[in-house]
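I set out below what I looked up in this structure, entry by entry.

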Amino acid sequence: MLNIFCPHCGETRSEEEFHAHGQAHIVRPENPAECSDEEWGDYIFFRDNPRGIHHELWVHSGGCRKFFNATRHTVTYEIYETYKIGEKPSVTEASVAAAKASAQGVTA
Amino acid sequence: MQRYSGFGLFKHAFSHHENWQRMWRNPTPKPVYDVIIVGGGGHGLATAYYLAKVFGVKNVAVVEKGWLGGGNTARNTTIVRSNYLWDESAQLYEHAMKLWEGLSQDLNYNVMFSQRGVYNLCHTLQDMRDSERRVSANRLNGVDGELLDARQVAEEIPYLDCSKNTRYPIMGSTVQRRGGVARHDAVAWGYARAADALGVDLLQQTEVTGFRKENGVVIGVETNRGFIGGKRVGVVTAGNSGHMAKLAGFRLPLESHPLQALVSEPIKPVIDSVIMSNAVHGYISQSDKGDLVIGAGIDGWNGYGQRGSYPTIEHTLQAIVEMFPVLSRVRMNRQWGGIVDTSPDACPIISKTPVPNLFFNCGWGTGGFKATPGSGHVFAASLAKGEMHPLAKPFAMDRFHTGALIDEHGAAAVAH
């Protein structure tokens, strides 16, 4: 069971109130008519599907019905943060790798 | 390979069954193989077996990070059917069905394939129309199928709640009588044993950590046991295909999700077929051991953790109790999750990739087990020749660029 903090409601609620919509931060091509088949197919269908840190789109469908983003680990399922649309994630694959390296006393 | 037989069983009884031959070797990797299969599940082992048996490629390795058949092959609900709507998928799954029908003899291993019939229930008028269309399409493709009305369903499945008082009354059902179940572990073990006997090296505890390329062409795999050379590499890693593609340097149109299943305590025989419902959303059969094998949909979020959430289990059991009130007090024994790689059109990807000599067989999503023999056979043909088998061609990765999707979502009795 995931417990998810909705950044709009300001409350941590059970997973059942939410709906996942897959990878976040996918930018719609500005001029779809000018896209090649490859570009359009990539935009519609192809996903990163990482084993690790994943930025993903959620909607609080059983609550405020607003969309937001979450940074979640796809193996441990730990949710590092949730943030509103338009904001940037503070936890990324790079930041986690750096934190891990410093925890082990490795300096770059 | 020591052949299994009734006489052998009798003979080994005299030595207290202590002298059975090991089912497969535990070989040291050779420097170079003609074909490397990444992933030692049912599909990967079947691929290796057919490469050696049918296509004469015997210098083959199966590289598996854990143990054979320890992923989704061990975690599915063992349903086998081929009643898909579209021509491309009906032909592929029917190819598998024909191989299932002779598989135990072919492998000299009892895979306990039991053609007990698969019912797909209809709860709405639209369900009935779609099902009639699907049954007609199936018959045109040489796949057996029948459409039953509510009265016939009630006669054939007496413990199913077919009354008018339910929330989603049952209006009818399709049935594929050649469908059924098979013993999932036996499928992996049977293929592994038969492939090993033909000289295939099964390398367990060997995790692929990268693909080595020369001038953009793949020449082998990096593993935790060192580099293993391969003239062609076939990746059959189900839920981990996205990760493998990342290692190879490209993306796939896949998302990995947990799919959960559960079994009850063993009870006396009550369900003698496989019963699925898309609308109420659950499916159930009873194993030979007596436990009810139950499944439903995926957890909606991406995950690689081989476990899911409780709301999904609750949803699954709600559906089962809705259809079978008689089972409401049966206790569930075990519950687990497997990671399925779902594609946008609910059809697999059996394809060449942007990297020459690297082939992927993935995207089977929630329904790969039923296709194990067919998938292995067409993928083996493709790896042996370097060109995709005619049945595999429509399932190329480039369909997500050309738009030639095979839209089985909702069309094919797919219970996602």
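Predicted model: local features only at pLDDT ≥ 70, side-chain atom pairs only at ≥ 80, totals over all residues.

Residues are numbered from 1 along each chain as its sequence is written, chains are lettered from A and ligands numbered from 1 in the order in which they are written, and side-chain values use heavy atoms, with hydrogens and water left out.

I then looked up the strands around that pair. S5(A) and strand S6 (residues 79-84) of chain A are antiparallel, with 5 bridges; two strands pair if DSSP finds at least two bridges between them. The two form a hairpin with 5 residues between them, and Tyr77(A) in the turn has a positive phi of about 70°. S4(A) also runs antiparallel to S5(A), joined by 7 bridges, and Leu57(A) stands opposite Asn69(A) in S5(A). In strand S5 (residues 67-73) of chain A, 6 of the 7 residues are buried (under 20% relative accessible area, 1.4 Å probe, protein chains only).

Next I turned to chain A as a whole. I found 2 helices and 6 strands, in the order β-β-β-α-β-β-β-α along the sequence. Helices (H or I, at least four residues) and strands (E, at least two) are DSSP runs, numbered from the N terminus. Of the 108 residues in chain A, 38% are buried.

How many residues of chain A are in contact with chain B? I found 27, facing 32 residues of chain B, where contact means heavy atoms within 4.5 Å. The chains bury about 2500 Å² between them, 51% of it on carbon and sulfur atoms; this is the accessible area (1.4 Å probe) lost on being put together, summed over both. In chain A, Phe46(A), Asn49(A) and Arg51(A) lose the most area to chain B, together 32% of what that side buries.

Finally, I checked charges across the interface. The rule finds 3 salt bridges there, each a side-chain nitrogen of Lys or Arg within 4 Å of a carboxyl oxygen of Asp or Glu. Asp48(A) and Arg251(B) meet in a salt bridge through their side chains (2.8 Å, N to O). Strand S3 (19-23), helix H1 (37-44) and strand S4 (53-59) of chain A each supply at least two residues of the side that touches chain B. The largest share, 4 residues, comes from H1(A).

How values were computed: Buried area = accessible area lost by both parts, 1.4 Å probe. Buried < 20%, exposed > 50% of the residue type's maximum accessible area, 1.4 Å probe, protein only.
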